[in-house]
Amino acid sequence: MINLERIERAILIFLVAALIAGVAVSALRKSRAPVKVPVEKFDPLKYADTAEGADTTARERVNINSAGAEELAAIKGIGAKRAARIVEYRYRNGSFASIDDVKNVKGVGVALFEKIRNKITVE
């Protein structure tokens, strides 16, 4: 038999125990079915920053940093889909620094931006 010192035996026992534990964990992971986490569908109205009862007709410009999807959709040329995209973009990326940043939203190109630039603000 191999003559090992006390510290060498302890290290050998530790390494064998670590190997056995690793094999057991690996086998356990393979035996379990993957956990499916439900992903909620993004609802832009859920993250709108509009105050209840706010009178949007009294203002000339719509604040794209706080307006909800319904208020944005009321702007001629935006519509419901683009409004939802604007709210989603704001939710994922933070507030717009300037009105020019709205061009980063899918579906808002230069032509549409020129039509709505006098109707939006980031105040």
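Hi everyone, let's begin with Glu114, which is partly exposed at a relative accessible area of 43%; buried here means under 20%, exposed over 50%, and partly exposed in between, with a 1.4 Å probe and protein chains only.

Before going on, a word on what we are looking at. This is a predicted model, so local features need pLDDT of at least 70 and side-chain atom pairs count only at pLDDT 80 or more, while totals for chains, interfaces and linings use all residues. Residues are numbered from 1 along each chain as its sequence is written, and side-chain values use heavy atoms, with hydrogens and water left out.

Back to Glu114: what does Arg117 form with it? A salt bridge, with the closest N and O atoms 3.1 Å apart; the term stands for a side-chain nitrogen of Lys or Arg within 4 Å of a carboxyl oxygen of Asp or Glu. Arg117 has 30% relative accessibility, so it counts as partly exposed.

How many salt bridges does the structure hold? There are 2. Glu88 and Arg92 form one of them, their closest N and O atoms lying 2.9 Å apart. These two residues are 4 residues apart in helix H3, residues 79-93, which means that about one helical turn separates them. Helices are DSSP runs of H or I with at least four residues, strands are runs of E with at least two, and both are numbered from the N terminus. Glu88 is partly exposed at 26% relative accessibility, whereas Arg92 is exposed, with a relative accessible area of 54%.

Now to the inside. The largest nonpolar core has 19 residues, and those with the most contacts inside it are Leu72, Ile75, Ile86, Val102 and Ile120. Helix H2 (69-73), H3 and H4 each supply at least two residues of this core. By nonpolar core I mean a set of buried Ala, Val, Leu, Ile, Met, Phe, Trp, Tyr and Cys residues joined through side-chain atoms within 4.5 Å. Leaving aside neighbours within four places in sequence, Ile75 is in contact (heavy atoms within 4.5 Å) with Val62, Ile116, Lys119 and Ile120.

Last stop, Lys103. Where is Lys103 placed? In the loop between H3 and helix H4 (110-116). Lys103 is partly exposed, with a relative accessible area of 35%. Beyond its neighbours within four places in sequence, Lys103 contacts Val108, Gly109, Val110 and Phe113. Lys103 and Ile86 are 17 residues apart in sequence and 9.7 Å apart in space, C-alpha to C-alpha.
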